[in-house]
Amino acid sequence: MAAFTTHTPCQATPLHPNIKISTQNANTKTVHKAASSLHHYPSISSLFSQTKSTLFSNSGSGSSWLQHNPLHRDASSGVGSRQGPIYSVSRTKPAEVASVEDLFEFICSGPLVDKMGLTQEKVAESIDKWLFYGSKLCRLFQLDELYLTTPQKARFYHYYIPVFVWCEDQISRHASKFKDGEEIPPLVIGFSAPQGCGKTTLVFALDYLFRITGRNSATLSIDDFYLTAEGQAELREQNPGNTLLELRGNAGSHDLPFSVETLTALTKLTKEGMKMKLPRYDKSAYGGRGDRADSSTWPEVEGPLTVVLYEGWMLGFKPLANEVVKAVDPQLERVNKNLEAYYDAWDKFIKAWIVIKIQDPSCVYQWRLQAETAMRQAGKPGMSDEEVKDFVSRYLPAYKAYLPTLYSEGPNGSHPNHLLLIEIDEARNPILGI
């Protein structure tokens with residue numbers, strides 16, 4: 001079941017400057033003030049007309065709610081700065097929106113609120129920020145803020161915005177470790193989540209919120225560190241018959257020295273005027289086998305950086321005993337050996353973690369199938385069902401071997417105070433249960 005598929009507008013009370021708020025156990029005056037403050041925000045239609053272009057993700061997640069969006073581009077290339085235009089959406093009927101009181105209660109009912117230690121009072125005190133972020137996300141994803149469906153509200157107010165608030169708190173904790181006048185390196189936040197679950201889109205939304213609130217951020221994927229086409233061919237020749245290393249993906253198929261060089265440089269981007277380019281990988285090159293994109297297409301970021309958002313399907317995986325991985329798939333033994341070098345290349349740079357937990361690794365197959373089917377229906381090149389099955393089969397052994405430890409112990413080198421574990425359902429929305 002895909003997210004954002006409900007098309008019935010929420011039936012609720014229109015906002016009004018004098019709306020009365022009566023929430024239990026909440027700062028009533030603060031919520032009332034927030035209701036009035038909404039009228040100082042530009043409408044979503046005016047926001048569209050003010051900006052002709054903005055960041056847009058070249059997401060590899062295949063999230064169905066983006067596939068139905070006319071702005072969604074083919075995710076197979078992975079090239080460039082992940083940018084694209086946003087256009088105005090005209091309204092065709094009178095607006096119906098939820099009251100601030102209803103939205104406040106909806107926010108507090110989210111599964112991440114308690115996990116993050118947010119009380120109703122804390123949410124009420126910052127409700128104006130939540131409304132502001134929600135308005136901006138509507139702009140980003142070309143949705144009318146007055147017509148959000150329940151799944152759309154859940155995606156923003158139960159997922160993206162709570163995670164952004166958590167990231168802001170982690171950044172504040174990080175900055176508090178440095179004295180006045182000291183250069184503060186950007187906080188590297190790792191996002192470990194299986195393919196297709198929406199992590200790239202989440203990171204894209206967070207990156208946008210950081211930028212529109214005046215903070216420089218950089219986004220990276222572990223995909224950006226794949227070996228070149230030549231390096232991948234050498235890896236294949238060195239491991240004949242090992243289907244897990246035949247194509248890019250598993251441990252061993254990444255340029256780890258290049259990873260260290262890039263992440264080290266990013267953490268030193270602390271001053272205004274400092275710039276560097278972020279590597280990108282072209283998954284469409286060489287008939288889909290892929291190659292590192294030409295550096296002329298890499299996006300540029302400027303200092304001082306506040307945060308680096310680093311995402312990948314195998315971030316934080318820990319090497320296991322050989323007998324454990326061999327019981328899953330004998331081919332994993334070599335992959336497991338390769339994984340030993342990944343902590344120093346990736347994980348040690350990450351000081352805060354978000355782990356997105358799935359209930360069943362088989363969801364990866366279904367999500368990828370949805371993505372490829374949608375691409376074919378849109379007239380774009382897409383893998384057949386058999387090709388999807390072959391593609392996902394190269395990742396499933398690693399999921400089966402490493403995810404249980406990731407979920408029970410956390411990523412390699414993580415600390416509980418700097419770890420947010422989010423369980424999602426088949427619709428890619430957070431649920432209770434952790």
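A salt bridge is a side-chain nitrogen of Lys or Arg within 4 Å of a carboxyl oxygen of Asp or Glu. Keep that in mind. We are looking at a predicted model.

Let's start with one pair. Arg394 and Glu246 form a salt bridge through their side chains, at 3.2 Å from N to O. Where do Arg394 and Glu246 lie? Arg394 is in the loop between helix H16 and helix H17. Glu246 is in the loop between helix H10 and helix H11. So the pair ties together parts that are 148 residues apart in sequence. Arg394 is buried, at 12% relative accessible area. Glu246 is partly exposed, at 29%.

Arg394 has another partner. Its side chain also meets Asp390 in a salt bridge, at 3.0 Å. Asp390 is partly exposed, at 37%.

Now to the strands. Glu302 and Lys275 meet in a salt bridge at 3.9 Å, N to O. Glu302 sits in strand E8 and Lys275 in strand E5, 27 residues apart. Glu302 is partly exposed at 41%, and Lys275 is partly exposed at 48%.

Salt bridges link Lys129, Glu168 and Arg215. Across the whole structure, the search finds 14 salt bridges.

Next, cysteines. How many disulfides does a search of the whole structure find? The count is 0. Take Cys363. A disulfide needs the two sulfurs within 2.5 Å. Cys363 is buried, at 8% relative accessible area. Cys138 is buried as well, at 1%.

Technical notes: Residues are numbered from 1 along each chain as its sequence is written. This is a predicted model: local features need pLDDT of at least 70, side-chain atom pairs count only at pLDDT 80 or more; totals for chains, interfaces and linings use all residues. Side-chain values use heavy atoms; hydrogens and water are left out. Buried means under 20% relative accessible area, exposed over 50%, partly exposed in between (1.4 Å probe, protein chains only). Helices (H or I, at least four residues) and strands (E, at least two) are DSSP runs, numbered from the N terminus.
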